[in-house]
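Dear colleague,

I am handing over a structure that will be new to you, and my notes on what was found in it follow below. Please keep it open beside you while you read.

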Amino acid sequence: MAQLWGGRFTRETDRLVYQFNASVTYDKKLFEQDIEGSIAHVVMLEKQGILTCEEKDAIVKGLTGIRKDVSEGRLVITDEYEDIHSFVEASLIDRIGEAGKKLHTGRSRNDQVALDMKLYVRMQVLSISELLVEILETLLTVMENNLTTYMPGFTHLQKAQPTTLAHHMGAYFEMFKRDLLRLHDIYKRMNYSPLGAGAFAGTTYPLDRVYTASLMGFEGPTLNSMDSVADRDYIIEFLAALSTIMMHLSRFSEEIIIWNSNEYRFVEIDDSFSTGSSIMPQKKNPDIAELVRGKTGRVYGALMSILTTMKGLPLAYNKDMQEDKEVTFDAIETVSSCLMLFNGMLKTLKFNNQIMEKSAMNGFTNATDAADYLVNKGVPFRDAHGIIGRLVLYCIKKDCSIDSLSLEELKFISPVFDVDFHDAISLKTCVEKRLTIGAPGQKAMEEVIRINKNFLAHAWTKDNDRTEYTANRQA
């Protein structure tokens, strides 16, 4: 097939070179964005008197028809075209003739692909944000239902102090909340249109870049035409944000895998999110959590790939930048599927409350509070620390918990212990007296839940950014 840029050449491109150079097999994902940007471009060209009203109407009708036919399967994007831009323009010319050849007036494939990719990434930022909101809603429900579900908290994977399931889930709420806010920042920073930058030096046509930007819901046009076509910072930022999301999912998955083990039995994963063994009939494996953990490296790889691609590129556009698409598309699909599946698993997860509480009682998680009890009786903290250390050693040898010791046994360790000791170190007391904001006490957690409900009620994906963008597209 003759190339749209072939006028300069006297020989056809070698077939292997053509295949190596072509990108239509994957950049066809940008089809909707290419049509959208092209319509905005020709509407502006007519407004500026560069196209006639009849030419604009014919091109818009042709582009709309191509979009409809592709969507409904009557027109197929094949690899006979070099890229999605060539497919759209060639199909338009086939349909409407000479007017179609004016589509590219005042535009380069450099600013065209920069626009398409920005439109696509912007849409995916919103999509991932919605999936994060769904996980946040699930976490908030778990928190509300487990304010007094006691469990051990850990440091170094060793039982440390008692906490609640609500408090533990609240930590992940904070992580995913930061992820959502991070995406909002990326959206605001990237939301400027490169259309009209040309190859890298603008154009002599009297384009109205502010107008095309407004048609597509951008804050405005980019302010340097070289940077407009050379910028992939927004992709790097997006992939970094996706990598952070996957890191959070992976940490969460690791805990679920541990909690699901026979040794812990804190949770039971629903059958619909588990798999079995081909040889061991007793097995129920946490494959979803393990796959999420495993796929994290895949998303990290996408980030490293684009960082490496961009690190040595001079201004302005270079063909290396074509490598931004496949890794970005794959990372988006990976993160989207991981968020959806993880949320489904989390929604159906059964928490074994009694086992968690028993684990907290048997793990000396109330040892710190026992030391505080002695301090409140006038014992210096360092001495109290040593007394409780001996108490724990005694319990280990006897294979029992601190709570189960009689007052006589306690007084044998230290005469300071009294009848109020057992109540002072109960899980309920240990947790409920921690009431500073961010702590696991019920009143503190209820305030945090109130704050988080308010956050979700005003979640960014529901604000005017999206409403205005949708209205502009429909107009």
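Are helices α6 and α19 roughly parallel or roughly antiparallel to each other? As you look, please bear in mind that this is a predicted model. Helix α6, which covers residues 109-145, and helix α19, which covers residues 442-457, pack at an angle of about 155°, and their axes lie 11 Å apart. Angles over 145 degrees count as roughly antiparallel, and α6 and α19 are therefore roughly antiparallel to each other. As for handedness, α6 passes α19 in a left-handed crossing. On the side of α6 the contact is made by V133, L136, E137, L140, M143 and E144, while α19 contributes M445, V448, I449, N452, K453, F455 and L456. Sorted by class, this contact of α6 with α19 holds nine nonpolar residues, one polar residue and three charged residues.

Helix α4 (residues 53-71) packs with helix α5 (residues 84-96) at an angle of about 115°, with 10 Å between their axes, and the crossing of α4 and α5 is right-handed. The residues of α4 that make the contact are A58, I59, G62, L63, G65, I66, D69 and V70, and those of α5 are F87, V88, S91, L92, R95 and I96. By class, the contact of α4 with α5 divides into nine nonpolar, three polar and two charged residues.

Turning to the open space in the model, the largest pocket has a volume of about 520 Å³. Its lining is made up of 21 residues, and G153, F154, T155, H168 and E255 are the ones that lie nearest the centre of the pocket. Two or more lining residues come from each of the strands β1 (150-155) and β2 (158-164) and from each of the helices α7 (165-190) and α10 (233-259). In the lining of the largest pocket, 11 residues are nonpolar, six are polar and four are charged.

Finally, two details of the backbone deserve a look. H156, which is found in the loop between β1 and β2, has a phi near 60°, a positive value in a residue other than glycine. Elsewhere, L315 and A316 are joined by a cis peptide bond, with omega at about 5°, and A316 has its place in the loop between α11 (287-310) and α12 (324-347).

With best regards

Terms used. Residues numbered from 1 in each chain as written. Predicted model: local features only at pLDDT ≥ 70, side-chain atom pairs only at ≥ 80, totals over all residues. Heavy atoms only, no water. 1 Å grid on protein atoms, 1.4 Å probe; cavity = no way out; pocket = protein on both sides within 12 Å on 5 of 7 lines; lining within 4 Å. Points joined across faces, edges and corners; volume = space filled by probe spheres on them. Helix = DSSP H or I, 4+ residues; strand = E, 2+ residues; numbered from the N terminus. Nonpolar A, V, L, I, M, F, W, Y, C, P; charged D, E, K, R; others polar. Axes fitted to C-alpha atoms, helices over the stretch in contact; angles between N-to-C directions. Parallel < 35°, antiparallel > 145°, perpendicular 65-115°, else oblique. Left-handed = near helix turned anticlockwise from the far one by under 90°. Contact = heavy atoms within 4.5 Å.
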